[in-house]
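User: Please take me through the packing and the open spaces of the structure shown here, one question at a time.

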Amino acid sequence: MPATASTAPGPAGPFRVTGYAVAQVLLFPLAIVLFVLTVVSAVLVVAWIGIPLLLVLLPVLRWIADLHRRMAARTLGSPVPAPYAPLPEGALAALRVRATDTATWRDLLWLLWAMTGGFVLAVVVVVVFLAVVTFPVWFFGSPPVMRIRAAVDRAILTVGRTDRLEERVHALAESRADVVDHSAAELRRIERDLHDGPQARLAAAALSLGLAEDLFETDPVTARRLIGEARATTSTALVELRDVVRGIHPPVLADRGLNGAVRALAIDMAMPVEVESAVPRLPAPVESAVYFVVAECLANVGKHAAADSVHLSLHHDGRVLAGSVADDGRGGADPRRGSGLQGIATRLAAFDGTMAVSSPPGGPTVVRWEVPCPPLASSSPRTMPSSAPA
Amino acid sequence: MPAARLVLAEDHALLRAGLIQLLEAKGFEILAAVDNLPELQRALADPRADAAVVDVRMPPTFTDEGLRAAIEARAARPGFPVLVLSQYVEQLYARELLASGEGAVGYLLKDRVGDVTEFVDALHRVAAGGTVLDPSVVAAVLDRRRDAPVERLTAREREVLALMAEGRANAGIAQSLVVTEKAVAKHINSIFAKLDLPTDADDHRRVRAVLEWLRV
């Protein structure tokens, strides 16, 4: 998404492009210093010292690139949008986004061009302007030369929207494939549970009842026993059906939404769970995904953490649902091992949600996640014009 | 003794018909049999009603309106006996029901209706001011509690504890476990000693002590 877009009425004349050439020549030393420092700092990130350096250098890099975008836009008479990814709040988080943004790497690549070929073109324009005898050459030659420079600048400094969309399509294709796999596996599990459990029981109950019907007059005592067995069998079938349904969509979630459902999960834990949850009713698929995320996290705490207490929190700021489960257990949880946390990430990815696990050996373990989602219109005022239909 | 007049709320026509048949056969009078929340609220406002049997989930939203209506009715008429039936038992709901006033409350899985004698007995206990909790709620609590006192209980004592939480008197427990009432009394004394609870002859207070201890 373009963060800045400069437009100009038409291509610039010789005086203006010469002004730009002068500016570019003057910025040349800064470009060299910036390039060297950025590369060195990137290496020094290993030794931590690089991080504060990059905190300063990357914004400067962005500034100088933006300056050249504006000059290229005026020279060419067409917009040169900046392709940066939107920055989150917090200096370190922003640094992370900047460092992993392909646009930053392209800025760096562009510095190489600005120090070599681009610099030569700007110098040529300045020289033919200063040498009075070459005035005609300057008058007619400088705009095309600077347009070449501007065109190259634009080519490097603008990642097309196509690239962004390609990236997005790639991410979506990946999460969709995961979701499809996940739901196929879930359906297989449900089919198996129904087949081995309630279906078999009901068949057995029907058999008992059939036998009882046969024996009704000849052997009422046995018939009575068979009817009793059939009743017991249907009870067991009901128990199994309840378990299956809980795994699909827990009734308490349908009744009470996330606030009540996570409290119900907390009650089932052996250790005290402090629950802090005040979220509006959300679209059912999101509620379901977040419920199972919480259930998985709490199950992990119960199985592995040896924790004395757990803190569970869910908040919604009108656009994003943020949640966390923190325990004071022994830590050392590795999201790459075990399918549980992987499954959480997959469930969340389907909604563009993200998850982070912090679990140093010795604890504490904190699992955090964020899911962008507007609330249902009925339970809370709309905060976005594009909020989901009720 | 005149027949107890019941309000019955159940939205499945088959189950409703079955329950009406069963309850009338067992000597209850059905004052109203309803299948949605507005009608249930009207029926519960009827001062002639002696008790109510209510399904948790029903129209219009098919969530927990039955439970809410039951709790409201008990707020309006303290001590009004309500037996809540559900396809599912949630500890969260059990807590809310128990918090809605002392005694005269029950929370059972619908499956329990299958055992007619037990079910009618439970309804009588609720109508008489007792507390009846589904065995699965108690089992879940005992499963969850891994602390020392629960670990000290013997398997038999756990059974007795669960039956007490279901609101049964000594005689009922003895019958269910096929032991003498004296043996039950001994188990109960032992349980109360292990859990550090004051012994009490009164059934209702005893059940409450157990439930409080279990933190259902």
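User: Which residues of the largest nonpolar core touch the most other members?
Analyst: This is a predicted model, in which local features need pLDDT of at least 70, side-chain atom pairs count only at pLDDT 80 or more, and totals for chains, interfaces and linings use all residues, while side-chain values use heavy atoms, with hydrogens and water left out. Residues are numbered from 1 along each chain as its sequence is written, and chains are lettered from A and ligands numbered from 1 in the order in which they are written. A nonpolar core is a set of buried Ala, Val, Leu, Ile, Met, Phe, Trp, Tyr and Cys residues joined through side-chain atoms within 4.5 Å, where buried means under 20% relative accessible area with a 1.4 Å probe and protein chains only. Among the 89 residues of the largest such core, those touching the most other members are A:Leu258, A:Val290, A:Trp369, B:Leu40 and B:Tyr107.

User: Which element gives the most to this core?
Analyst: Helices are DSSP runs of H or I with at least four residues, and strands are runs of E with at least two, numbered from the N terminus. With ten residues, the element that gives the most is H10(A).

User: What does A:Val290 contact, leaving aside its neighbours within four places in sequence?
Analyst: Contact is taken as heavy atoms within 4.5 Å. With those neighbours left aside, the partners of A:Val290 are A:Leu258, A:Leu314, A:Leu321, A:Trp369 and A:Val371.

User: How much space lies in the largest pocket?
Analyst: On a 1 Å grid over the protein atoms alone, a pocket is an open set of points where a 1.4 Å probe fits, with protein on both sides within 12 Å along at least five of seven lines, and lining residues have an atom within 4 Å of a point. Points are joined across faces, edges and corners, and the volume is the space filled by probe spheres set on them. For the largest pocket this comes to about 1700 Å³.

User: Which element gives the largest share of the lining of the largest pocket?
Analyst: Of the 35 lining residues, A:Ala85, A:Pro86, A:Arg168, A:Asp352 and A:Thr354 are the closest to the centre of the largest pocket. Helix H3 (91-100), helix H7 (161-215), strand S4 (354-358) and strand S5 (365-372) of chain A each give two or more residues to this lining. The largest share, eleven residues, comes from H7(A).

User: Why does B:Glu157 count as buried?
Analyst: B:Glu157 sits in helix H8 (residues 155-165) of chain B. B:Glu157 counts as buried because its relative accessibility is 5%.

Conventions. Buried means under 20% relative accessible area, exposed over 50%, partly exposed in between (1.4 Å probe, protein chains only).
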